[in-house]
Amino acid sequence: MSELLTSEASQYLTTSDVAARYRTAPSTIRYWRHVGYGPKGIKVGRRVLYSLANCEEFERQQAAEQTTKASA
C-alpha cells in the first residue's frame, strides 16, 4: 500500500517543483496562481499542489499559442 501512496504522491508537484520546472521563482508561480495563469493547482491543507498532468497540459497550451503566433 505504501508503494501506491508513493506513486500517487509523485504525480503532484509543489510550488517549488513547478518553479524549478519552469525555471522561475516560486513567487512567480504564486503570482500566476493569483491572476489565474499557469497550471491549475489544488489546495491540500496549507499547501498548493500541482498535478503533473495539469503542468503538461499547460505546456501543450503554451506550445500551441506559440505556434499560432508564429504562423500569424
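Gly 41 stands opposite Tyr 50 in strand β3. This pairing belongs to a predicted model, in which local features need pLDDT of at least 70, side-chain atom pairs count only at pLDDT 80 or more, and totals for chains, interfaces and linings use all residues. Residues are numbered from 1 along each chain as its sequence is written, and side-chain values use heavy atoms, with hydrogens and water left out.

**Overall layout**

The protein chain holds 4 helices and 3 strands. Helices (H or I, at least four residues) and strands (E, at least two) are DSSP runs, numbered from the N terminus. Read from the N terminus, the order of elements is α-β-α-α-β-β-α. Of the 72 residues in the protein chain, 24% are buried. Buried means under 20% relative accessible area, exposed over 50%, and partly exposed in between (1.4 Å probe, protein chains only). The protein chain exposes about 5500 Å², and carbon and sulfur atoms supply 54% of that area. Accessible areas come from the Shrake-Rupley method with a 1.4 Å probe; for residues, only the protein chains shown count as cover. Take the contacts between residues at least 6 apart in sequence: 46% of them join residues at least 24 apart. A contact means heavy atoms within 4.5 Å.

**The sheet**

The 3 strands form an open sheet in the order β1-β3-β2, with antiparallel pairing. β1 (12-14) and β2 are the edge strands, each pairing on one side only. Neighbouring strands are turned by 40° against each other on average, direction ignored. Two strands pair if DSSP finds at least two bridges between them. Strands of a sheet pair through backbone hydrogen bonds, either parallel or antiparallel.

β1 is joined to β3 (residues 47-51) by 3 bridges. Here Leu 13 has Tyr 50 as its bridge partner, and Thr 14 stands opposite Leu 49. β3 is mostly covered, with 4 of its 5 residues buried. Helix α4 (residues 52-71) lies across β1 and β3, running at about 65° to β3. Axes are lines fitted to C-alpha atoms, for helices over the stretch in contact, and angles run from 0 to 180 degrees between N-to-C directions.

**A surface patch**

Tyr 12, Ile 42 and Val 44 form a nonpolar surface patch, with about 240 Å² of accessible area together. Patches are made of residues with over 30% relative accessible area and no salt bridge; like charges are joined within 9 Å, nonpolar side chains (Val, Leu, Ile, Met, Phe, Trp, Tyr) within 5 Å. Ile 42 sits in β2 (residues 41-44). Its relative accessibility is 36%, so Ile 42 counts as partly exposed.

**Salt bridges**

The whole structure has 2 salt bridges. A salt bridge is a side-chain nitrogen of Lys or Arg within 4 Å of a carboxyl oxygen of Asp or Glu.

| Salt bridge | Closest N and O atoms |
|---|---|
| Glu 59 with Arg 21 | 2.6 Å apart |
| Arg 60 with Glu 57 | 3.1 Å apart |

Glu 59 forms a salt bridge with Arg 21. Glu 59 lies in helix α4 and Arg 21 in helix α2 (residues 15-21), so the pair ties together parts that are 38 residues apart in sequence. Glu 59 is partly exposed at 29%, and Arg 21 is partly exposed at 35%.

Arg 60 and Glu 57 are 3 residues apart in helix α4, so about one helical turn separates them. Arg 60 is partly exposed at 48% relative accessibility. Glu 57 is partly exposed too, at 35%.
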